Amino acid sequence: MRYLLVEDNQELAEAVVNRIELDGHAVDHAASLAEASDCLAAADYDLILLDVMLPDGDGRDFLARRRDVSETPVIVLTARSQISDRVGALDQGADDYITKPFDFAELEARCRAVLRRRGGAAKNEVPLGQGVFDLTNGTLQVRDEIIPLRNRELRLLEVFVRNKGQILSKTQLVDRMFSYDAEVTENAIEVYVGRLRKKLDRAGAKIETVRGLGYRLHST
């Protein structure tokens, strides 16, 4: 997935970015609301992690404005522990919140839960042909066999699963899988798709090439 982190505390931001990237996701960091607006104008994100108190404004006001134009999931990061603060963030459109200081394992779990809800899945396990893809563990299992997935193959499959039935262009896949500073070509996407196809064949699932448009996952 591709995340946008809006956080002005550089030390915390670096720690969060490192943890998200370690889990194989792409993440862009904005230290202000102005930078966040520039990022959102240039790319699509699967999830936004939004601090409340920022140098150029209140993250909750920014969130309320975003909700008029976008349904991208947002988790609010806040040092405020009052129930009224948390309720206010949810009422203004947040999908969830987490109170600082937080444990990274909890942050990751909340991200997974929000993405599951937005993807219409109540569980972590998604049927793929005769196999099952576990979004939490990142495993593809066909009967009693675990099919190994490399990092990029795993993230590519995750993008397809979370956008089921949609045609995704190479540009969209690059945007979803890599951050701004990553050097990657659309030809690399073809390589990753080819590798993933071979593994999905064993589950009876298929990635269809839609000529001139991109790719679409057929899971049944």
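Modeller: Let us begin with the elements: helices (H or I, at least four residues) and strands (E, at least two) are DSSP runs, numbered from the N terminus. Glu71, for instance, lies in the loop between helix H3 (59–66) and strand S6 (74–78). This is a predicted model, in which local features need pLDDT of at least 70 and side-chain atom pairs pLDDT 80 or more, while totals for chains, interfaces and linings use all residues. Residues are numbered from 1 along each chain as its sequence is written, and side-chain values use heavy atoms, with hydrogens and water left out.

Colleague: Is Glu71 buried or exposed?

Modeller: Buried means under 20% relative accessible area, exposed over 50%, and partly exposed in between (1.4 Å probe, protein chains only). Glu71 counts as exposed because its relative accessibility is 65%. Glu71 and Asp95 are 24 residues apart in sequence, and their C-alpha atoms are 9.8 Å apart in space.

Colleague: What is the order of the strands in the open sheet?

Modeller: Strands of a sheet pair through backbone hydrogen bonds, either parallel or antiparallel; here two strands pair if DSSP finds at least two bridges between them. The open sheet has four strands in the order S8-S9-S10-S11, with antiparallel pairing. Its edge strands, S8 (125–128) and S11 (145–147), each pair on one side only. Three bridges join strand S10 (residues 139–142) to S11, and Val142 has Glu145 of S11 as its bridge partner.

Colleague: At what angle do H6 and helix H8 pack?

Modeller: Axes are lines fitted to C-alpha atoms, for helices over the stretch in contact, and angles run from 0 to 180 degrees between N-to-C directions. H6 and H8 (residues 186–201) pack at about 80°, with their axes 10 Å apart. They are therefore roughly perpendicular to each other, a term for angles of 65 to 115 degrees (under 35 is roughly parallel, over 145 roughly antiparallel, the rest oblique). Contact means heavy atoms within 4.5 Å; the residues making it include Leu156 and Phe160 of H6 and Tyr192 and Leu196 of H8.
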